[in-house]
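Dear colleague,

Please find below the structure that I am handing over to you, together with its sequence. My findings follow directly after it.

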Amino acid sequence: MTTSVDRLGRLLNLVPYLQARPGITLAEAASDHDITERQLREDLELLWLCGLPGYGPGDLIDMAFVGDGVTVTYDAGIDRPLRLTPDEALALIVALRTLAETPGVAQRDGVHRALAKIEHAAGDLADAPVAVRIPGNADRLEELRGAVERRHALRITYYTATRDETSERVVDPMRVLVVGRWAYLEAWCRRAQAVRLFRVDRIDASTELEEPARVPVQAEPTDTRTGTLFRPTPDLPLVTLRVGRGARWITEQYPCEEVVRGPGEHWTVSLRASDLDWARRMVLGLGAEVTVLSPPELAATVVDTARTALAAYDAPVPALP
Amino acid sequence: MSRTRTERLVNLVICLLSTRRFLTAGQIASIVPGYEHDPEDERDHEAFQRKFERDKAELRELGVPLEIGTPSVWDNEPGYRIARREYALPDIPLAPDEAAAVGIAARLWQQTGLAAAASSGLAKLRAGGIDVDPHATLGVEAVVTVDPAFEPLTAAVRDRQAVTFDYHVPERDAARTRKLQPWGVVCWRGRWYVVGHDLERGAERCFRLSRIVSGVRRVGRRGVYEPPKVDLIAYVAKTSGPVERTSRASVLVRPGRAAGVRRWAETCVPGPDGDRLTLRYADVDFFAGWLVGYGADVVVLDPPELREEVVKRLKAIVAAGAPADGAPAAGASAEGASAGDRAEVAV
C-alpha cells in the first residue's frame, strides 16, 4: 500500500480511536499509531478542517485539548473504524491459527476465543484458505515454559548433534520459542557462559531446580527477525562438496554459501560446518552421491572411516552372548 | 499525497457516509471542497473526472465500500454513497486475554507485507475501542516466516483464479512451468505448501512454496472453480509426512560412542565387544545412510538386508574416494525426491 493510502487510513481510524479514549495523551496516541507526536498533531490539524457538507463550525470534526490530553467532541459521522480488508483479516486470522496450533502456549483458550470472534467479525473473509499444523511435544514445552515463568534454573541432558555427544548442564532459562518446525529453549548456559538455543527434541531429560535462574545482564536474546536461527559465521570451516542428483536436497536443508549447478548433473555446494566431525557424518550418510572437494583432510577422513567401518564387516556376525 | 488531497478524501468519505441518496459526480463536485471546476469548460471538466476517478480508486484500495446506484428514476447518471453497515467494523467484544492474543498474533509476521496488514488490522481493532496489552506473552514465542509466493497464492485462492509459476525440484535440472487452480495454502512441519488442481496433470497436487522460483501469475478468469471441502493438511501430511517405524534392527555400538544412535535405542545390552542396541526404523535406504554416518562406531548385526545395504554404501564411498579412480563415481539414485523427503522425517 502506498504511504498516501496509509495516511488516509490512519486519519479515518484516528477519530474513533480518540473517541473511545477521551483525554488520552498525544504521546500515547502517537505511539499506538507508530508515528511521532508532531505527525499526530499534523493529522489532528487536518481532521479539524474536515466534516459534514456545509462545513460550518458545527459540521466540522471537533476536539478539545486539555493539558496533554485530547478528546473528540464531534466525530462528523466517523464513529467506527473501517472494516478489515481481506489482507488484514488474513494476516490476523492466520497468525491466530498459528498461535492456536503452537504447542505449549499458555492461555490457548483465549487464543481460540479471539480467533472465533475475529473470524465472526471478518464475515466472508474469515474463510482464509490457510491451514497450519505445528506438531510438537506440548507436555515437554509446557514444562519448559513453566520453568521460564517460575524463573528456576534447569538441569538438562542435552544431545549436541554437531559433536554427537550427550552431556548434562545447568542452564538459566530465558524463553521458549518455536521456529519453523522446531521448538527451542533459549537459556544462559553456565558451562558455555553464553546464550544457547537448545532444540527441545534433543533435550533428553530436564529437572527444574529449586535454585532461581540467574540470567546475566549481558545475555542477549537471539535475533529471530530473519526467521533463521543458525547463521553460519566466516570463522567456521568451509566445506565444498560435489553433489549428485539424489543428494541435491541438502541445498534446501542447510544454509549454503554457494551452489554451482552443473556442468552435468553434479552441483558444487559450499557450506559452513560448525564441526568437521559433523560434516564427516553427514557426508558419509549421503554415500557415493557426495564427494568432498575440500578441505582435503575431510575428504581423507571420510574414506578412511568408510574403510575402517568396512573392515568390521569382514568378520562374521558375532553370536549373541 | 498532498494535504489538500487527503483533506478532500476525508471529506468525500464523510459526505458519502452521511448521504442516504446516491450522489452523482456533479453533485459531489458541488458539495465537497477540492472538486471545484467549471463543468462547461471541457478541459476543466475532464481534469475533474480524472481526479474523481483517482480518488475513487484510492478509496477502494483502502477498502472503503463504495456503493453505486442511480440517484432517482429521472436520472441515469451513476451515483455514489457508502453504506455505513458495510463500512463500519462490527463491534468485537474481546475480553482482555483475547485482546492480548490478538496483539501477540499481530506481531507474529516477519514479512513486511503481512506485518503491515496485521498491524493496520490491529489499529482498526484499537480504534474500535479494544485495548491491547503490548507486553502480554503466551510463554511460547512463535516465529513464522512465509515464502514470497504466499501472498499472491492466498489472494488467487480468494478470487478462485488459476495461477502459473515456475517450479524447481532440486532433483531436476530445470524449472518447469506449472498451472494450478489453487485450493489453499498449508503450513506443515515448518514448511509452506499450496494444494490444488493441477490443470496440466488433471489431478490434485501439492507444491512447496520455497521451490517456486518465479513470480505467481494469474491466468484465466476469476471465480471459475470452487475448491472442494477437503482436509488440506491431511493431503500434505500424506505426501510428506512421517512414516511408521515398523522394522527392527540390532546394532553393535562401541562403548561411549555414537551418542546420536544410543538416544534412539529401545534396548541396550552391554557386551565384551560393545553395546548391543535395538532400534526401530522405517526405510532401509535412509536408515542405512544414517548409520553409515557413524562409521566404525556402529556395526549392523541384523537384519541382513540392512547389513548388506550398509556394506554396499561403505564400498561405494571407498570406491568414490580412491585416488586411482580419477573422477568420483556418479550417483546411482534418480529417485532423489523421495530421499529429500525422507530426510525431513529423519530420526
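A residue is counted here as buried if 20 or more other C-beta atoms lie within 10 Å of its own, and as exposed if 12 or fewer do. By that criterion, 40% of the 321 residues of chain A are buried. Please bear in mind that this is a predicted model.

Overall form of chain A

Chain A contains 9 helices and 13 strands. Its radius of gyration is 29 Å, whereas the globule rule gives 20 Å for 321 residues; chain A is therefore more spread out than a compact globule. The C-alpha trace of chain A extends over about 100 × 60 × 40 Å along its principal axes. Among the contacts in chain A with a separation of 6 or more, 58% are between residues 24 or more positions apart.

Domains of chain A

The chain is divided into domain 1 (3-74), domain 2 (86-126), domain 3 (138-212) and domain 4 (238-312). The centres of domain 1 and domain 2 of chain A, taken over C-alpha atoms, are separated by 30 Å. In an unreviewed UniProt entry, the annotation "domain: WYL" covers residues 141-205 of chain A. Over residues 141-205, chain A is 63% strand and 15% helix, and the end C-alpha atoms of this stretch are 12 Å apart.

Helix 3 of chain A

Which residues of helix 3 (residues 37-47) of chain A are buried? They are Leu40(A), Leu44(A) and Leu47(A). These residues cover an arc of only 60° around the axis, so they sit on the same side of helix 3 of chain A. Arg38(A) and Glu45(A), on the other side of helix 3, are exposed.

Helix 7 of chain B

Helix 7 of chain B comprises residues 150-159, and its buried residues are Phe150(B), Leu153(B), Thr154(B), Ala156(B) and Val157(B). Seen down the axis, they fall within an arc of 155° and therefore line one face of helix 7 of chain B. What do the buried residues of helix 7 of chain B pack against? In chain A, their partners are helix 4 (86-101) and strand 4 (130-133). In chain B, they pack against strand 5 (162-167), strand 6 (176-188), strand 7 (191-198) and strand 9 (217-219). Helix 7 of chain B is followed by Arg160(B), which has a positive phi, near 50°.

With kind regards

Conventions. Residues numbered from 1 in each chain as written. Chains lettered and ligands numbered in written order. Predicted model: local features only at pLDDT ≥ 70, side-chain atom pairs only at ≥ 80, totals over all residues. Helix = DSSP H or I, 4+ residues; strand = E, 2+ residues; numbered from the N terminus. Arc of directions from axis to C-beta. Contact = placed C-beta atoms within 7 Å. Domains from an automatic or database assignment. Rg over C-alpha atoms; globule rule 2.2 N^0.38 Å. UniProt positions renumbered as here; feature names shortened; annotations may be inferred.
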